[in-house]
Amino acid sequence: MANTDPIHGKVFEYFYKIASIPHGSGNTRALSDYCALQAEKHGCRVYREDNGNLIVYVDGTQGYENSETVILQGHIDMVCDKTESCDKDMVRDGVEVLNDGEYIFAKDTTLGSDDGIAVAYMLTLIEDRSIPHPPLEMLFTVDEEVGMLGARAIDAKKLSSNKLINIDSEVEGILTVSCAGAIRAVCKIPFTTENTNGSCYKISISGLKGGHSGTEINSGRINSNKLLSRLLNFVSQDVDFKISSISGGKKYNAIPKESEAVVCVEDKNKELFLSVTQKFISSIKNEKVINEPDLEINITQTSDTGKCMDSRSSRKAMFTLLQIPNGVQTMSPDIPNMVQTSLNLGILETSDEYFSLCFMIRSNASAGKQALVQKLKSFVEYLDGSIEFMSDYPAWEFKAESNLRNTLIETYTEMYGEPPVVTAIHAGLECGILAGKIPDMDAVSFGPNILHAHTPQEKIEIASAKRCWEYLKTVLKNLK
Ligand SMILES: [Zn+2]
């Protein structure tokens, strides 16, 4: 049964206190004030930015005064979400914390253990001078959950160290040591039109799984824009048609689930067009590599579109869509089964004069991203198109030699009798943003078991939060 008794211990006292202060993204002023006040109360120097970002400077404890400084980092904002029936105002009120002895969770809302547990660990370290540690620079960032705005804004010159421990991972026993950087690309390919007559059809693809364009790019999920290109190219081998429009997908960073094309066929080719399209539809459903049980492809006659791409432009559109790179490009040479570089054709659109293809390009190595940017650029320019890049952010690259990582691995192995899993993530983290600002950054991310983060079912495992606290303290002790 759930109960409201707080879990014993300083870390949990802070955790409950943090939960009582509303701190959704964009609403972190009160929690930022509270952390700054705690730090000052315990004699620590605080650097504060207008947005609420904080750096708290904590001296090394006795015997550690001259040890190398370490940065500890977590974010102070949380995702606010609640069940449909919940009428809590999460801007004004903190969450109601419950526990069942095994997990801590919130009544009808997100809990904010992502990343309140990091904040609780850091506040405890500020208060308790009996815990041995090197000089610490505690970085509390705001608005991680809405584009990592705090990490993007932080003046990293206020940090003297390049060793960083990020506490914002959600599976205990995993040390994350690299994340992907990314850049968005918009490719516009011009076409010429002509008036057509004949029959027009709308071909729509739907029911695909979709998914995250980074972490799920190697999961075998089908990109609807790419599937559309296969269909159009298959049919064009046997029968001529012209393209009126192609479109699909809504977000750069989601594998598209739905796409459609409107095409025009001369009336004499109608029957052939329909039968070849049907042939593709039945064969694709039998392809063993496609694990998409809800895939649907429908073809319906539609009203005359008037203008279409001319034959040459229609062929160019099909060629572009089929040949332009998409999906996993290279795998990591350092970490088994980890994608290094990928891109996702997230959005496809047609305007009056050009069609556009929007990509999210990711790589855990900056060279990989650069090479793919060049490849895409040369492809698009060869087709007389234009390409624009935006929202560039750096990768947190795997470091071949890392003393910090070695200490975390050795400490874990000593404490738990087996080594931790060392891995990377093919998506963006605050560490990536920070890697672009801290020269030669040496970082590791870990954290306790948190389930269903960002949903009202969010919960943190109490025993895991305790173990990670012991682990953090032992790591700090070993960083003499
Ligand atoms: Zn987080």
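This is a predicted model: local features need pLDDT of at least 70, side-chain atom pairs count only at pLDDT 80 or more; totals for chains, interfaces and linings use all residues.

Ser224 belongs to helix α5, which covers residues 224-236. If we set aside neighbours within four places in sequence, Ser224 is in contact with Ile205, Leu208, Pro256, Lys257, Glu258 and Ser259.

Now the chain as a whole. The protein chain has 480 residues, and 54% of them count as buried. There are 11 helices and 25 strands. Along its principal axes, the C-alpha trace spans about 90 × 50 × 45 Å. Taking contacts with a separation of 6 or more, 79% are between residues 24 or more positions apart.

To give a sense of distance, take Arg29 and Asn197. These two are 168 residues apart in sequence, and their C-alpha atoms are 62 Å apart in space. Arg29 sits in helix α2, residues 29-41. Its relative accessible area is 43%, so Arg29 is partly exposed. Beyond neighbours within four places in sequence, Arg29 is in contact with Arg48, Asp50, Asn51 and Gly52.

How many residues does the largest nonpolar core have? That core has 66 residues, and those with the most contacts inside it are Ile104, Met138, Phe140 and Ile165. Helix α3 gives the most to this core, with nine residues.

Not counting residues up to four places away in sequence, Met138 touches Leu54, Ile55, Val56, Val58, Leu72, Met122, Leu125 and Ile126.

Asp114 is in helix α3, residues 113-127, while Asp168 is in the loop between β7 (163-166) and β8 (174-179), so the pair ties together parts that are 54 residues apart in sequence. Both Asp114 and Asp168 are buried.

Asp114 has another feature to point out. A cis peptide bond joins Asp114 to Asp115, with omega at about 15 degrees. Asp115 is also found in helix α3.

Some backbone angles deserve a look as well. Asp108 is not a glycine, yet its phi is positive, about 65 degrees. This residue is placed in the loop between β5 (103-106) and α3. Asp108 has a relative accessible area of 29% and is partly exposed. His454 also has a positive phi, near 70 degrees, and is a residue other than glycine. His454 lies in the loop between β24 (450-451) and β25 (459-461). With a relative accessible area of 36%, His454 is partly exposed.

Last topic, the rings. How many aromatic pairs does the structure hold? There are 11. In one of them, Phe15 and Tyr16 have ring centres 6.5 Å apart and planes at 75 degrees, so the pair is edge-to-face. Phe15 is buried at 3% relative accessibility, and Tyr16 is buried at 13%.

For Tyr412 and Tyr416, the ring centres are 4.7 Å apart and the planes at 55 degrees, so this pair is tilted. Both residues are in helix α9 (residues 403-416), four residues apart, which is about one turn of the helix. Tyr412 is buried, with a relative accessible area of 11%, whereas Tyr416 is partly exposed at 27%. Ring pairs also join Tyr412, Tyr416, Phe446 and Tyr471 into a cluster.

The charged end of Arg45 is over the ring of Tyr57, 4.0 Å from its centre. Arg184 lies over the face of Tyr252, 4.7 Å from the ring centre.

That is the tour.

How values were computed: Residues are numbered from 1 along each chain as its sequence is written. Side-chain values use heavy atoms; hydrogens and water are left out. Helices (H or I, at least four residues) and strands (E, at least two) are DSSP runs, numbered from the N terminus. Buried means under 20% relative accessible area, exposed over 50%, partly exposed in between (1.4 Å probe, protein chains only). Rings of Phe, Tyr and Trp (its six-membered ring) pair if their centres lie within 6.5 Å; planes under 30 degrees apart count as stacked, over 60 as edge-to-face and the rest as tilted. A charge sits over a ring if NZ of Lys or CZ of Arg is within 6 Å of the ring centre and within 35 degrees of the ring normal. Contact means heavy atoms within 4.5 Å. A nonpolar core is a set of buried Ala, Val, Leu, Ile, Met, Phe, Trp, Tyr and Cys residues joined through side-chain atoms within 4.5 Å.
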